[in-house]
Amino acid sequence: LMGRMEMHKSKNKKSTCLGTNEIKSRAVVKYSAAPPPTTYALLQEKTDLKLPPANWLRESPQLGPAGSTVLGSSSKSKPFSSFGMAYDFIDSIGDDVDVVSDSENIKKLLKIPYSKSHVSMAVHRVGRTLLLDELDIQELFMRSSQTGDWTWLKEFYQRLIDQKWQRKKKSKEHWYQKAILSKFLYYSINGDGAAEPVPDSDNPEERDDECGAEEFGPSWPATFTNTASDSEESAESAPLDSKYALGQVASKEQNLATLFNEGENSQGLRNDFVRNILWTFEDIHMLVGSNMPIFGGGRYPAVSLRLRDNNKPINILTGIDYWLDNLMCNVPELVMCFHVNGIVQKYEMIKTEDIPDLENSTFSTRVVKDIAQNILSFLKSNCTKEGHTYWLFKASGSDIVKLYDLTTLCEEAAEEKCQNPFTLPVAVLLYKVASNMMLKKIQNRKHYGTIRTLLLNCVKLLDQDRHPQIIASAHYMLAELFQLDEPPEEGVGGDSLPAGGSEDSYSDDEEDPEDLPEDSDENGCCGTTSDPQDDSKAVAIIKSVGELSVPEKYKSTHQIRPIYAFPVSQDKEERCRHVLSYVLKGLKAVDGSIKKESDLPAADPNTPIPLKYEDGSKDVEKGMALLLDRAGPFQEDLKHPTRSGMIPGSWQHRMKQQLFFKASKAYYVLSDAATNLRKYGRALRYIKLALQCHDAYCSVSSVLHPRVLMFHSQCLSLCGDIQLMLAQNASNRAAYLEEYSYQTKEDQELLHSLHRESSCQAFNMATDLATDPEYQLFVSSKCYEAAHELLTSRAVKEHGPEQLAQVLKRLGNIRNEIGVFYMNQAAAMQTEKEVKKAVSVAEQEMWKKSFSCFEKGMKDFEAIKDSTNTSLLLCNTGRLMRICAQAHCAVSDDQSRGEFSPEEALYYNKAIDYYLRAMRSLATRENHPAVWDSVNWELSTTYFTLATLLQDYAPLSRKAQEQIEREVTEAMLKSLKYCDLQTESARQPLYQYRAATIHHRLASMYHSCFRNQVGDEHLRKQHRSLAELHYTKAARLFVSLKDAPCELLRTLLERVAFVEFTMAGQCVGAKLKTLTGALDILMETHHAFLLVRKELLEEQTSPETPDSGADSPTSLGLNRKEVMQLIGVFEPSFSFLMLQLVKLMTGMKRKPSNKDEDLLKTYKNVYSKLLRAEKTAPLLSRVDLFLDLLQQLIQQTGSGDHGASS
């Protein structure tokens, strides 16, 4: 009647610790609607409390609801009072607080062993917290008689507990005592205000009869029979107050105004207490509601006021009442006013700690503490299932306390869920606690298991047709629990639920069934009046209330944390599947709440048909433009219902957006994981689903948030990666097609839900599995371009610099890939030409495309200052220039290679420019050794090729010989400059071979110049010394290679010829010296012949594997034809030398020394053997002969095997 008026409301954090050496008590006032305590008025002796004061029953902030108790409003059952408190202090529920209840219920429980009166309470579990509410059987069954609800419980009660139930009326004495207490309190705030008559409402019996029917109406929630218009009104009244908040959970099919609005009919779920207190009693944390009036005065700032009949002594129950009230409310003193027949006699002040020792009401505080701990342990051990309504019942006069699971009994009675009025408040509370924990989940992940259990139990309690919003929101939160963008941290949870635990219950970690005390056995027997049938229905029984006074009779399990198992799998795919399963359930709940004439909308005529590559590149461009339009950040506001009939701004609309986005993320993670496993067909299928979810998201969104656009660019980027990988792995296309075509039932159902909002065609072009690698590369580049365009758009520009750098890197890479693709095509066209013809238009087209891609790629890499990749693209452009040069080689009429053309020179020089730019881009080898070495090799190769072509196909028709020689020398020396002979690497033998070849070619060129030069003696000397130098270097390098005997032999033979040529015109002494020098050079061929012999022997031992030297730089083995040709030069040269030496030595005028004679003898011997040698003998025999002859000379001259040792 009084309601919650506009009182002074304050949230206090006042706390006091009261207690003796025996017990610990601490109370913190969390909320108070009362003004600061004012001093109570001391009534004069002989004041008649039967007369009403002038202010009686007027609204009083000081008294709150307590003053109007005469009307019976506070005696009316508040079956949801604990829920009202729980909603207000949601932070404390589930973890910090053990019990939430009205202080009256706490007192009733702690007095069980002392009192004969009946106890009937509803118990609900949320995490670690128990919610206790009075379950007034009389009121309940009166309601049952009127509405037909709870008939199953009434029948159960009558059958097993009290066969002759009838409503007990309160006595006249009860109402008399209430009336004078109310008047006393009004006198105490009004002083000696004159009494004034009050209308007939003072007659308690009449009032009782008047209130009869109404008393049982408003305090219980109405059943779901209200009109649709009421529900629509309520649906508009409450906005969403946070991301996960319940907001307005009503839909058109239901009306929950009585639960959530601050209306007259909702008092059952409101927190109507004047004070909410966090009370710690020993180790038990309780959130209690109290309406006790508190006054100032006395020795303390706060006292409680009590009225006692002087003729009736205080009994133990009253003493415990007073003591507990004062402890709970931080009140250190009690003021007692004694009266006789309503006439005030005297006042007495008692300290709170002295109350247990009052005469006639002595009790042990330690025993009260033991009772509290035992009752809590009993309830926590047996009320294990969240969402279940338990009933704690003790019949009047009985010693036995029983606990029933009403949810199970209700299910057995085969009535609908909603027949239990607690179902919805419990579900909403589970939801609210989970929602509150979700807002803090970033700070504390250990709550994940708790949140999951709360939400699963919440969903179990609700009917999807009646409460789709809570169900959809709960499933969205369940999906949110699974972290998709990072690996799960250690300690968050195991791989699965622990053995023995279930998702909807809490079991104690350290408690085995065998360890439970006998008394808490589920089938414990009962010794007195109850029917044995009753025991089988009870969850647990306390056989005698006396047991509650025994310390730790019931194991103190409430200190043990319950198991909150959260199945966190290390497997990304499993986590995503969990997410998608919850998203699907959420979408089904939303779809079910939208009234639709047809299940699925017809196909949208404006929807573009999926585009294929075969339709031509224009269609592809069109498709990509459409893709970007869909991705654009600015669209028109949604004003009309969506395709499925959703109203923009409705809860369904907001929920679908969140669910679509979550699904898109899950599919993205699945796609990314499949890409890492190289399952590219599966990856493409998942990214297609991710983009379809995004498409549906776009169709129900007006403006896209930057984070959504950034995520979308990630999807496009990944799609580009997958298409690139598919293009590069064309050989596995059949396997990829099989992966791509497979689809789970869950995916199909999700697609069905997406199609209710969108045709999901916008990204088909990007996600089709094509058969043409060129098309796949093209699609990949378009995906990256679209991602880049998104990230550079105004809406996102400032949000993703890191992502932009990654996309630019990918863009540069794909452009390089496409450039290489076209370049290889151009090279293939060149090799396929049967006859060397002029450059075709198709080739030129390929060059242009390739060059354009490389240029764009370079710009992308330069934008992110990626010098390594920039130099790689410059290197590839250099290679393209060389392909262009090769295509321009001149062909003469007889199809032989013509002179080196100016076009070739132009392209080779361009290639050199690009390689030099690549070197400059890298700056030093330390920046990236592998790329540096690659560029270095290519540059050396280009200079060498240019020089070789100039030398072999000299453009004498255009240039003078001297100029050509200068250009060749310059190019050869530059190539030599980039031959890295020092760094040990796989390329080192190749560099050595090239350097040796360069020295040999230069020596040959200077040799030729020396032979042909006439007149300029200075120039001839210069050429001679340069030829000598280069022959020496070439020989040394070929020797070090150990697998180039032919090249070494040729070099040495050319050098011998060169020396022989210089002999012309010399005197006898000089000639002898020159010939001896030539012989020394020839003896170096011993090393070359040893290598030839070794290879010939290897060929003989393994004739089946002629390519046995495949791993060496000269991988084709010994070239017999070349060896034969070289021997054809070597033999006559050797013979000529021997003959000339014999002639000169025999014709000498001075007397020969012994040494000279021995030498001459050896020379003659060698010469004669050479003359007699069989020209048709096997190659190996001839090589053995040469080795034998050379060895004789080496031993005789004592010169040693220079070649072998150098």
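The following exercises, with worked solutions, concern a predicted model.

**Exercise 1.** Determine what span helix α37 should have at 1.5 Å a residue, and how far apart its end C-alpha atoms are.

*Solution.* Helix α37 comprises the 19 residues 1154-1172. The expected span is 1.5 Å times one less than the number of residues, so α37 should span 27 Å. The end C-alpha atoms of α37 are 27 Å apart, in agreement with that value.

**Exercise 2.** Identify which residues of α37 are buried, which are exposed, and what covers the buried ones.

*Solution.* Step one: the buried residues of α37 are D1156, L1159, L1160, T1162, Y1163, V1166, Y1167 and L1170. Because they cover an arc of only 165 degrees around the axis, they lie on the same side of α37. Step two: residues N1154, K1161 and R1172 are exposed on the other side of α37. Step three: the cover over the buried residues includes α34 (1068-1083), α36 (1120-1146) and α38 (1179-1197).

**Exercise 3.** Describe how α36 and α37 pack: at what angle, and with their axes how far apart?

*Solution.* The packing angle is about 145 degrees, and the axes are 9 Å apart. The crossing of α36 past α37 is left-handed. Residues of α36 in this contact include F1134, M1138 and L1141, while those of α37 include L1159, Y1163 and Y1167.

**Exercise 4.** Decide whether N382 counts as buried or exposed, and state which backbone oxygen its side chain reaches.

*Solution.* N382 belongs to helix α10 (residues 365-382). Its relative accessibility is 9%; since buried means under 20%, N382 counts as buried. The side chain of N382 reaches the backbone oxygen of F378 at 2.7 Å.

Technical notes: Residues numbered from 1 in each chain as written. Predicted model: local features only at pLDDT ≥ 70, side-chain atom pairs only at ≥ 80, totals over all residues. Heavy atoms only, no water. Helix = DSSP H or I, 4+ residues; strand = E, 2+ residues; numbered from the N terminus. Buried < 20%, exposed > 50% of the residue type's maximum accessible area, 1.4 Å probe, protein only. Arc of directions from axis to C-beta. Contact = heavy atoms within 4.5 Å. Polar contact = N/O pair within 3.5 Å; in protein donor to acceptor, adjacent residues only side chain to side chain. Axes fitted to C-alpha atoms, helices over the stretch in contact; angles between N-to-C directions. Left-handed = near helix turned anticlockwise from the far one by under 90°.
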